[in-house]
Amino acid sequence: MPAHSFSELHTIPFYECNVNNRISIPMLINILILASEHQNENLGLDQTYLIDHYDVGWVVTSYSIHINQLPRKDSVVKMTTSGTSYNRYFAFREFWLHDQDGQELVKVESIWVLMNEQTRKITPIDDTIIAPYQSEKVKRVPRLTRPERIESGADVSAKEYQVRWSDIDFNGHVNNSRYPEWMLDSLPMAFLNEHEPGNIDIRFENEVKYGNRVTSSVLVDSSDNAKIKTVHEIKSNDVLSASATIIWKEIKAKGNDQS
């Protein structure tokens, strides 16, 4: 039996877009997570229910984001998600974003765990929680590409941030969409105006909480003429909180962009 999938339409408003009038990466993550939250609610397994009945909540550990094209402002997209497979500790969830012609714009693979709300430790996945998703039980869920690390002494750019109240989600730690926001902000605006990600591999290592200070470091690798690669790390008190590798592509001249 195939895994239960959930789809809904979404119109991209201006406040979800960047200066190029395409959805920003943090907002892309937010709307896809919104679709999964709506699926959870549809199945009667929303976050409040999980906390009240099991004292656990879902936490993402990694994303692999493949971008064919970021949708523009005012475009209508179809968001689809499916909890494809799971094992004792890890759940594999997929997301798709399609345009109105059915063309795939974005594909996201992700790994999730259940975390005890009191101990903040990973807990085994209860079969009664996962059953409504019709996910396949497997020995091993797919492995996502692990981001590269920045070598000690590398020539990096870095920015420091204070974690604000508005950065915190209902789990009590930094919302996962904030990390790519900090990562991208470490790059020059001129670069971001002329490039957009084609592939993002991001991994979350340790929680960051209110009041912490974080440093966002980036190493730019342009040794391959065909593509530019950036390697990112977010650290708090020298402890790695998140890392990412991003492959970039040039944005077409606005006059030639017919999408």
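This is a predicted model: local features need pLDDT of at least 70, side-chain atom pairs count only at pLDDT 80 or more; totals for chains, interfaces and linings use all residues.
## Aromatic pairs

Seven aromatic pairs turn up in a search of the whole structure. One of them joins Phe14 and Tyr15 in an edge-to-face arrangement, with 5.5 Å centre to centre and 80° between the planes. Phe14 is exposed at 61% relative accessibility, and Tyr15 is exposed as well, with a relative accessible area of 58%.

Tyr179 and Trp182 make up another edge-to-face pair, at 5.6 Å centre to centre and 80° between the planes. These two residues lie three apart in helix H4 (residues 178-185), so about one helical turn separates Tyr179 from Trp182. Tyr179 is buried, with a relative accessible area of 4%, and Trp182 is buried with a value of 4%.

## Ring cluster

Tyr179 and Trp182 also belong to a cluster linked by ring pairs, together with Tyr63, Tyr161 and Phe204.

## Largest cavity

The structure has one cavity of 30 Å³ or more. The volume of the largest cavity is about 40 Å³. Its lining consists of Ile29, Leu32, Ile33, Tyr63, Ile65, Phe95 and Val108.

H1 supplies the largest share, three residues. By class, the lining of the largest cavity has seven nonpolar residues, no polar residues and no charged residues.

How values were computed: Residues are numbered from 1 along each chain as its sequence is written. Side-chain values use heavy atoms; hydrogens and water are left out. Rings of Phe, Tyr and Trp (its six-membered ring) pair if their centres lie within 6.5 Å; planes under 30 degrees apart count as stacked, over 60 as edge-to-face and the rest as tilted. Buried means under 20% relative accessible area, exposed over 50%, partly exposed in between (1.4 Å probe, protein chains only). Helices (H or I, at least four residues) and strands (E, at least two) are DSSP runs, numbered from the N terminus. On a 1 Å grid over the protein atoms alone, a cavity is a set of points where a 1.4 Å probe fits but cannot get out, and a pocket is an open set with protein on both sides within 12 Å along at least five of seven lines; lining residues have an atom within 4 Å of a point. Grid points are joined across faces, edges and corners, and a volume is the space filled by probe spheres set on the points. Ala, Val, Leu, Ile, Met, Phe, Trp, Tyr, Cys and Pro count as nonpolar, Asp, Glu, Lys and Arg as charged, and the others, Gly among them, as polar.
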